[in-house]
Amino acid sequence: MKDKYERNIDYIRISVTDRCNLRCRYCMPDEQVPVLPDGELLSFEEIERVCRILPKVGIRRIKLTGGEPLMRKDIAELITRLKKVEGIEQVTLTTNGTLLADRIKELEAAGIDGINVSLDTLDPERFGHLTQRRRLEDVLRGIKALQTSDIPRIKLNCVPMEEINGDELARLAALAKDSRLAVRFIEMMPVGNGQQWTMIPEQTVKDRLTAAFGPMTPAKGSFGSGPAAYYMLPGFRSPVGFISAMSHMFCSSCNRIRLTPDGFLKSCLFFGGGTDLKHLLRSGADEELLDAAVRETIWEKPRQHPDGQAEENRKMYQIGG
């Protein structure tokens, strides 16, 4: 389905939980953060019901996020269900990687099409400071398991922050050099605690990588569902990518909507508006009413996000990464 600005919306990010076993300072920094009671999270049955409507409006690709989605122990069951929904072509997942090594086999068996691991530093002390947990070895173990798996698409997501990893960008990019792991640099967005960090723009990251490895050239082929632009560096097996919502606003080609863990359908990360699908699901709404609600949300998707601070008061963990 196209929105009122003629953008084709074919991709949804579904957050299955607001809980996480890390406390990354730009996402979920407080120890006593409020999290949803189990009964306020969408059940897998409710998520599946929403997803059976999505292909009717043209959405064919699903990304499962959190919080940390692997905190829901039966996540593989949900993946298996969604893979069977007629019209859904791809189901992928984004994780912090801490639980991945022990869950990789069940995710493979469920038929997951791709996994992204979020990792912002390879330095144990910096990792401990940023995430307030000492779990770097668990993440690296998960990445190793991912690279030896049969999962088709594997990526690493890194948020460049001058205070944390400004001098590590080449080291992080080098993870793509001799492996099938694509490394992507995602600009910090001013949502929630993200406003407190110094965003490193795409061109600065490119300049640092070029200085370290040589000139980059546009990568050939398709590497994902979203707005990332991919490049090859000399001698690299896999590409590096850039998702640059702030320095290279891609709103005119945005193809996504988001479903929060408590069932609120958002058409834009930066705005608070949307539709409470959980209320509809639990008040007896039929398929026709749910379909109409999804269509209206897509149609009302804003033209673009603000240049500065977001008009959304929720933190990233409450929305979905």
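Trainee: Which hand does the crossing of α1 and α2 have?

Mentor: That crossing is right-handed. Keep in mind that we're looking at a predicted model. The residues in contact there are Phe44, Glu45, Ile47, Glu48 and Cys51 from α1, and Ile75, Leu78, Arg81 and Leu82 from α2.

Trainee: Why are α1 and α2 called roughly parallel?

Mentor: Look at the angle: their axes cross at roughly 25 degrees and come within 10 Å. Angles under 35 degrees count as roughly parallel, so α1 and α2 get that label.

Trainee: Okay, on to Thr17. Why is Thr17 called buried?

Mentor: Its relative accessibility is 2%, and the cut-off for buried is under 20%. Thr17 therefore counts as buried.

Trainee: Where is Thr17 found, and what is it in contact with beyond its neighbours within four places in sequence?

Mentor: Thr17 belongs to the loop between β1 (11-15) and α1 (44-53). Setting those neighbours aside, its contacts are Leu41, Thr65, Gly66, Gly67, Glu68, Pro69, Arg72, Pro261 and Tyr317.

Trainee: What makes the approach of the Thr17 side chain to Arg19 a polar contact?

Mentor: The side chain of Thr17 reaches the backbone nitrogen of Arg19 at 3.0 Å.

Trainee: Now β6. Why is strand β6 said to be largely enclosed by the rest of the structure?

Mentor: Count the residues: five of the five in β6 (182-186) are buried, so the strand is largely enclosed. Both faces are covered, with Ala182, Arg184 and Ile186 on one side and Val183 and Phe185 on the other.

Trainee: How do you know that β6 pairs with β5 and with β9?

Mentor: Pairing takes at least two bridges. Four bridges join β5 (153-158) to β6, running parallel, and four join β6 to β9 (240-243), also parallel. Arg184 shows both sides of this: Asn157 stands opposite Arg184, and in β9 its bridge partner is Gly241.

Trainee: Last one, α4. Which residues of α4 are buried, and what covers them?

Mentor: In α4 (124-131), Phe127, Gly128, Leu130 and Thr131 are buried. The cover includes α5 (136-147) and α6 (162-165).

Trainee: And what is found at the start of α4 and just after it?

Mentor: At the start, a side-chain oxygen of Asp123 comes to within 3.0 Å of the backbone nitrogen of Glu125. Just after α4, Gln132 has a positive phi of about 60 degrees.

Note on methods
Residues numbered from 1 in each chain as written. Predicted model: local features only at pLDDT ≥ 70, side-chain atom pairs only at ≥ 80, totals over all residues. Heavy atoms only, no water. Helix = DSSP H or I, 4+ residues; strand = E, 2+ residues; numbered from the N terminus. Buried < 20%, exposed > 50% of the residue type's maximum accessible area, 1.4 Å probe, protein only. Contact = heavy atoms within 4.5 Å. Polar contact = N/O pair within 3.5 Å; in protein donor to acceptor, adjacent residues only side chain to side chain. Axes fitted to C-alpha atoms, helices over the stretch in contact; angles between N-to-C directions. Parallel < 35°, antiparallel > 145°, perpendicular 65-115°, else oblique. Left-handed = near helix turned anticlockwise from the far one by under 90°.
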